[in-house]
Amino acid sequence: MIYRPVKGYGGWLGLFAGIILFGFILWGINYALDDSDRILKLLLLVPTYIFLFVYAYLLLGAFNLGYKIEKDALEILWGLQKKRIPWDEFDEIMEIKGRANLFPFLAASWRGYMFGLYSAKGLGSVRMYATHTEEGFLYLKTKKGFFGITPAEPAFLSAIINKTGRTLQTIDMDKMPPEEKGESIHEDRFFSLYYKLNVLFLLIFAVYLGIFFPGSGAPKFIILLLVLAVSLFIFNVGNAKRLYQFSSQGAYITLLIGLAVTGVFIILSLSGISL
């Protein structure tokens, strides 16, 4: 029987965001650079298409995610992949309650979707195949690895307990000592502030170009500055989240660097359009 994860719209959200993001980046590169900038154009388009392919593969996983209980094993279905875990290779089954402190290593996530390798403070490493984890998830320790899943139906938990013969352990993240749980990126006001300032600067930049660039006679290269600013934001936010578990100050600096670069791009655009 196949059990689906907690209902979410991560796939559709990712599809909508991907169309806008990659559509704008590809349009911006082609619009800003002509045949005289062939090498630079190629250097920007090649990695963009590589990231687009990877993103499409991750998005496929968001649309095809499930947990299949078979007679002799659990199969985690993700995209075109199947991860098979025999019942006799289960070591522990844990129900995590509350929001875990998860930091990405090789992972991708957005609202309603979480996939990849994470470090969970107070728990250990975990490979997530999940949707919404704000209220918790099932943490499966097996000889094949440690997995985090979010089945929607309570019957799934009863089924794997019966199949494995293991006792369910419960961990309440809200009751975990702060020194074990670590600093939470979701509760950090400074991280949230710097993140929101980055978004605000990008919106100001985009709105300014949308209003004043058309008909200004300014060089098309200015559009490329916005493309680079958006790409840098995505890159910086991902790195800041990875860095946070080791140094919150390092994460702040990473976001502030992105903020400063976007500010410089805005100033250059102001100069280019006004001249």
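**Group meeting: a walk through the model**

Okay, let's start with two helices: the axes of helix α1 (residues 10-32) and α2 come within 11 Å and cross at roughly 170 degrees. That angle makes α1 roughly antiparallel to α2, since anything over 145 degrees counts as roughly antiparallel. Keep in mind that this is a predicted model.

Which residues in α1 meet α2? On the α1 side you'll find, among them, Trp12, Leu15, Phe22, Ile25 and Ile29. Their counterparts in α2 include Leu44, Leu45, Tyr49, Phe51 and Phe63. A few glycines of α1 take part too, including Gly11, Gly14 and Gly18.

In general, nonpolar side chains in soluble globular proteins tend to be buried together. Here, the largest nonpolar core has 25 residues, and Leu74, Tyr129, Leu140 and Phe156 touch the most other members. The elements that give two or more residues to this core include α2 (38-63), β3 (73-78), β7 (113-120), β10 (145-149) and α3 (154-164). Which element gives the largest share? That's α3, with 4 residues.

Let's zoom in on Tyr129. Leaving out residues up to four places away in sequence, Tyr129 touches Leu65, Tyr67, Ile76, Trp78, Met114, Phe115, Phe147, Gly148, Ile149 and Thr150. And there's another core, apart from that one, with 24 residues, among them Leu202, Tyr208, Leu225 and Leu226.

Back to α3, then. Its buried residues are Phe156, Leu157, Ala159, Ile160 and Thr164. After the helix comes Gly165, with a positive phi, near 75 degrees.

Last stop, the strands. β7 and strand β8 (residues 124-130) pair in the antiparallel sense over 7 bridges, with Ser119 standing opposite Ser125 in β8. Together β7 and β8 form a hairpin with 3 residues between them. In that turn sits Gly122, and its phi is positive, about 85 degrees. What about β8 and β10: parallel or antiparallel? Those two pair in the parallel sense, over 3 bridges.

Definitions and conventions. Residues numbered from 1 in each chain as written. Predicted model: local features only at pLDDT ≥ 70, side-chain atom pairs only at ≥ 80, totals over all residues. Heavy atoms only, no water. Core = buried A, V, L, I, M, F, W, Y, C linked by side-chain atoms within 4.5 Å. Buried < 20%, exposed > 50% of the residue type's maximum accessible area, 1.4 Å probe, protein only. Contact = heavy atoms within 4.5 Å. Pairing = 2+ DSSP bridges. Axes fitted to C-alpha atoms, helices over the stretch in contact; angles between N-to-C directions. Parallel < 35°, antiparallel > 145°, perpendicular 65-115°, else oblique.
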